[in-house]
Amino acid sequence: MTGSDGPHREPGSDFRPAGPASDRAREEEERAVEQALALVGGSDRIGGSGRSGGPPSRSQGSQGSRGSQGYQGDQDSRDENPNPGPSSDPNPDPNPGPSCDPNARPSRDPNPGPSRDPHARQSRDPHVRRSSDSPSYDGRDNDPRDGRTTASATSAGTTAATATAPAPGGEQPPPPGGATPGDPAKPRPSTPPPSWNRARAIADRVGRGGPAATIRLPLDRALGHVLAEALGALTDLPSFDTSAMDGWAVAGPGPWAFEAGAGLLAGRGPAAALPDGTAVRIATGARVPPDTTAVIRSEHAQVDDARGLLHARRSVVTGQDIRPRGQECRSGEQLVPAGTVVTPAVLGLAAAAGYDALPVVPRPRVDVLVLGDELLNAGLPHDGLIRDALGPMLGPWLRALGAEVSGARRLGDDAGALRDALTSSDADLIVTTGGTAAGPVDHVHPVLDALGAELLVDGVAVRPGHPMLLARLSPDGPYLVGLPGNPLAAVSGLLTLAEPLLAGIAGRPAQDPYRALVHAEVHGHPHDTRLVPVVHRPGRAGGRDHVAPLHYNGPAMLRGIAAADGLAVVPPGGVRSGTEVEILDLPWAPATPWTEGCFT
């Protein structure tokens with residue numbers, strides 16, 4: 001019944017005005033509210049009605065919630081509210097579907113909002129981007145070895161068990177892959193993965209979280225290490241005045257008298273003072289006699305052997321071709337700062353300044369664990385088996401990043417072997433390959449859960465390599481970087497998480513980002529950063545140097561990265577030709593063009 005204040009609702013009823021116009025208006029209002037809530041993170045799905053149990057409204061029809069018209073076949077129990085609240089039906093159907101009863105009353109909430117049930121699970125529609133989900137999947141990286149599953153089983157932590165739709169009759173099917181009933185993987189909060197920049201920053205910060213150890217190594221073993229302390233000169237360089245050229249040391253104005261003989265050679269003791277008007281032969285590096293005015297190069301001198309006189313072919317400037325004591329540095333002056341990588345040139349400088357050993361940070365120790373029963377160590381692929389590309393690649397790559405790497409261990413898909421390897425490792429970092437998603441034999445997350453590890457990064461908004469992770473096994477234990485199983489996705493994980501982490505542990509200073517023009521349009525992921533293999537090219541006709549993207553850049557491909565000398569960091573949405581992008585140089589590749597032909 002109605003009154004002056006509008007329709008009156010009886011307890012337990014939902015009155016809705018009839019008529020197509022009001023239905024359309026209500027539909028538009030509901031849609032607007034749902035979209036607004038989704039944008040601010042307040043709705044558990046975009047386009048979902050939020051209703052649980054009971055028949056759908058007239059505007060929904062018999063195909064499910066209105067907001068899912070574009071994708072109806074991939075919803076699961078996360079759309080359902082396990083606590084639907086009071087029902088007007090005294091004998092509710094435990095599995096309500098679209099009602100065939102013409103007298104069935106519609107849902108009582110005309111403007112559904114976010115579910116208030118903290119246990120309500122989210123929609124697994126991969127085409128829906130939610131505030132509580134990982135970025136939507138664009139179809140480029142659809143490969144199970146890359147760890148990609150539906151949006152409900154993202155690297156943000158949702159397990160395969162929670163992503164399984166309920167069976168008819170409301171019964172939950174068993175976990176996929178025959179998981180042990182007593183040891184299920186723990187559900188994780190469905191939070192968006194960090195951006196690529198954020199993930200790298202986290203890895204860098206945790207790598208620098210503790211004080212670096214210091215060891216002293218002899219010069220012949222210090223190459224490639226990072227200096228733990230600044231190097232100060234232990235002596236003046238040079239430590240005495242020396243001749244910069246072969247020629248004649250002269251004193252006063254010329255011509256100069258000289259005596260025949262070998263003259264002054266390098267490595268000899270101090271010579272007597274040189275009187276005015278005299279000259280003496282001198283070799284490069286020899287000590288300059290006291291009171292010497294200058295050194296005249298041999299080619300600039302004219303010798304009169306008959307008269308025993310030396311003439312200068314050019315004017316003589318006081319101090320010419322003499323390296324004075326302390327010209328390069330004075331004793332105690334800083335030569336190179338802490339954090340400097342010990343290169344051959346640094347070794348030479350240290351030796352010249354008087355060092356026999358250097359204070360350095362120990363190289364980070366890394367264990368590599370290769371997971372997957374489908375991998376072959378030798379021979380051609382056959383019978384569903386493929387060659388292990390990551391085992392041979394990761395060790396040299398990690399050494400190029402300054403790590404001390406043990407031989408790769410191949411564990412297969414064995415959760416027990418993985419746990420034993422993690423608990424017995426004495427490395428600073430453990431790198432695993434594959435098994436980071438929620439498939440039936442993806443054991444990394446369950447084993448980390450069982451060990452009580454701290455997940456620092458669980459998935460990254462980057463393609464390829466979305467399901468990479470970074471964990472700390474214990475407060476004083478090693479870190480673990482979990483790489484996806486696809487080769488290029490693993491490279492993405494190395495450069496995103498392992499490289500900054502190792503740089504921090506090794507004490508290397510953070511590098512400023514370096515950017516270059518990209519000489520082509522590069523398509524991007526709608527929401528995630530892309531890492532694309534590129535090669536440097538020189539500018540033409542005075543133009544700027546640039547990079548060109550390479551073909552064969554799928555997550556399972558290595559042909560592109562094998563020809564690359566860097567990776568372009570492509571922001572979401574892609575870039576046009578001529579846009580500046582950040583470049584990640586590969587640790588062994590010079591920033592010069594060398595690749596042509598079928599790769600570009």
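This is a predicted model: local features need pLDDT of at least 70, side-chain atom pairs count only at pLDDT 80 or more; totals for chains, interfaces and linings use all residues.
**Figure 1. The pairing of β7 with β9.** Strand β7 covers residues 247-250 and is joined to β9 by 4 bridges. The two strands run antiparallel. Within this pair, Val 250 stands opposite Ala 279 in β9.

**Figure 2. Helix α4 and the residue after it.** Helix α4 spans residues 390-400. Its buried residues are Leu 390, Gly 391, Met 393, Leu 394, Gly 395, Trp 397 and Leu 398. Gly 402 follows α4, and its phi is positive, near 95 degrees.

**Figure 3. The largest nonpolar core.** This core has 48 residues. The residues with the most contacts inside it are Val 366, Leu 394, Trp 397, Leu 398, Leu 470 and Leu 501. Helix α7 (residues 487-506) supplies the largest share of the core, 10 residues. Another core, of 17 residues, lies apart from it; among its members are Leu 227, Ala 233, Ala 353 and Leu 358.

**Figure 4. The surroundings of Leu 398.** Leu 398 is one of the buried residues of α4. Leaving aside its neighbours within four places in sequence, Leu 398 is in contact with Val 366, Val 368, Ala 403, Val 405, Val 431, Leu 494 and Leu 502.

**Figure 5. Ile 430 in strand β21.** Strand β21 covers residues 429-433 and contains Ile 430. Ile 430 has a relative accessible area of 0%, so this residue counts as buried. Asp 367 is 63 residues away from Ile 430 in sequence, yet their C-alpha atoms are 4.8 Å apart in space. Asp 367 is also among the contacts of Ile 430 when neighbours within four places in sequence are left aside.

Figure 6. The chain has 8 helices and 30 strands. Of its 600 residues, 44% count as buried. Among contacts in the chain with a separation of 6 or more, 74% are between residues 24 or more positions apart. The accessible surface of the chain comes to about 29600 Å², and 52% of that surface belongs to carbon and sulfur atoms.

Notes:
Residues are numbered from 1 along each chain as its sequence is written. Side-chain values use heavy atoms; hydrogens and water are left out. Buried means under 20% relative accessible area, exposed over 50%, partly exposed in between (1.4 Å probe, protein chains only). Two strands pair if DSSP finds at least two bridges between them. Contact means heavy atoms within 4.5 Å. Accessible areas come from the Shrake-Rupley method with a 1.4 Å probe; for residues, only the protein chains shown count as cover. A nonpolar core is a set of buried Ala, Val, Leu, Ile, Met, Phe, Trp, Tyr and Cys residues joined through side-chain atoms within 4.5 Å.
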